[in-house]
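Here is a short report on one protein model. It covers salt bridges, the fold, a pocket and a surface patch.

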Amino acid sequence: MVTTATEQPEQAGPAKLAVRFLLGAVLSAAVACFVVGAVVAKWSVIGIGGALVVATYVVAVIRELRNGTAGPRDRTPDPVTLTALARIESRRAIGGDTGDVPVEFDLTVQPEDGPAHRVTFSQGINLVDIPDYRPGRVVVVEYRSDQLWRPRIVADPAPEWAERAGAAALDTAPESTRVAGPDLGLASCAVVLAGIAIGAAVVVLVFRADLF
């Protein structure tokens, strides 16, 4: 198995979403304090906004320092790029008629050190080469150890892997083994916007008597 160290990407998990919510709420509250303080002519309110900004910056710096000085046991193991064999279950061109076109593949991926799993993903394939990726063919794929749902078919694998793919016969993995990536893009935006709205609303409610 070929492994290559790669950089850990930011993961938008529940902890990250909570941090983004709090960051949006605090920063929007700080901006609201500046605006409200200017409207009601109270320097104390503007000072609260400045304190929130400074506190947010200090917390961010401390967090970065803690991450940078964490011991080996405290750190999440760095992901690696894995190479494996995969059986093409189906393919479907989803756009384009010249050059590289996006093709949706359904694969059974067979890692060397684990059970097989199913995955569906898209990859650009030259229109001329699409017939080479027929269902049932065994190909070589690469994927990050922390992103099973994002493999990439290797068009020109190393001779060793090309020989193994040519001689291999993989069984189709059951549908229950299918993996999919986290769908947190919209959730992240919604959480940040909610934090911004709530932070500003709290400041306005606290000083509503002075404002209105």
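Which salt bridge do the side chains of Arg118 and Asp106 form, and at what N to O distance? The two side chains meet at 2.6 Å, N to O. Arg118 lies in strand β4 (residues 117–126) and Asp106 in strand β3 (residues 100–110), so the pair ties together parts that are 12 residues apart in sequence. A salt bridge here is a side-chain nitrogen of Lys or Arg within 4 Å of a carboxyl oxygen of Asp or Glu.

## Basis of the model

The model is predicted: local features need pLDDT of at least 70, side-chain atom pairs count only at pLDDT 80 or more, and totals for chains, interfaces and linings use all residues. Residues are numbered from 1 along each chain as its sequence is written, and side-chain values use heavy atoms, with hydrogens and water left out.

## Fold

The protein has 5 helices and 6 strands. Along the sequence the pattern reads β-α-α-β-β-β-β-β-α-α-α. Helices (H or I, at least four residues) and strands (E, at least two) are DSSP runs, numbered from the N terminus.

Buried residues account for 28% of the 212 residues. Buried means under 20% relative accessible area, exposed means over 50%, and partly exposed is in between (1.4 Å probe, protein chains only).

## Salt bridges

The count comes to 9 salt bridges. Asp106 takes part in another pairing, with Arg178, where the closest N and O atoms are 3.2 Å apart. This pair links distant parts of the chain: Arg178 sits in the loop between α3 (159–167) and α4 (185–206), Asp106 in strand β3, 72 residues apart. Both Arg118 and Asp106 are buried. Asp106 has a relative accessible area of 9%, whereas Arg178 is partly exposed at 28%.

Glu142 and Arg152 also form a salt bridge, at 2.9 Å, N to O. Glu142 is in strand β5 (residues 138–144) and Arg152 in strand β6 (residues 152–153), 10 residues apart. Both ends are partly exposed: Glu142 has 26% relative accessibility, and Arg152 has 41%. Salt bridges with shared partners join Asp106, Arg118, Glu175 and Arg178 into one network.

## Second largest pocket

This pocket holds about 290 Å³ of space. A pocket is an open set of points on a 1 Å grid over the protein atoms alone, where a 1.4 Å probe fits, with protein on both sides within 12 Å along at least five of seven lines; lining residues have an atom within 4 Å of a point. Points are joined across faces, edges and corners, and the volume is the space filled by probe spheres set on them.

The lining consists of Val19, Leu22, Leu23, Val26, Thr56, Val59, Ala60, Arg63 and Glu64. Helices α1 (14–40) and α2 (43–69) each supply at least two residues. The largest share, 5 residues, comes from α2. By class, the lining has 6 nonpolar, 1 polar and 2 charged residues. Nonpolar covers Ala, Val, Leu, Ile, Met, Phe, Trp, Tyr, Cys and Pro; charged covers Asp, Glu, Lys and Arg; the others, Gly among them, are polar.

## Nonpolar patch

Leu23, Leu27, Val31, Phe34, Val35, Val39 and Val53 make a nonpolar surface patch of about 570 Å². Patch residues have over 30% relative accessible area and no salt bridge, with nonpolar side chains (Val, Leu, Ile, Met, Phe, Trp, Tyr) joined within 5 Å and like charges within 9 Å. Areas come from the Shrake-Rupley method with a 1.4 Å probe; for residues, only the protein chains shown count as cover.

Helix α1 gives the largest share of the patch, 6 residues. Val53 lies in helix α2. Val53 is partly exposed, at 36% relative accessible area.
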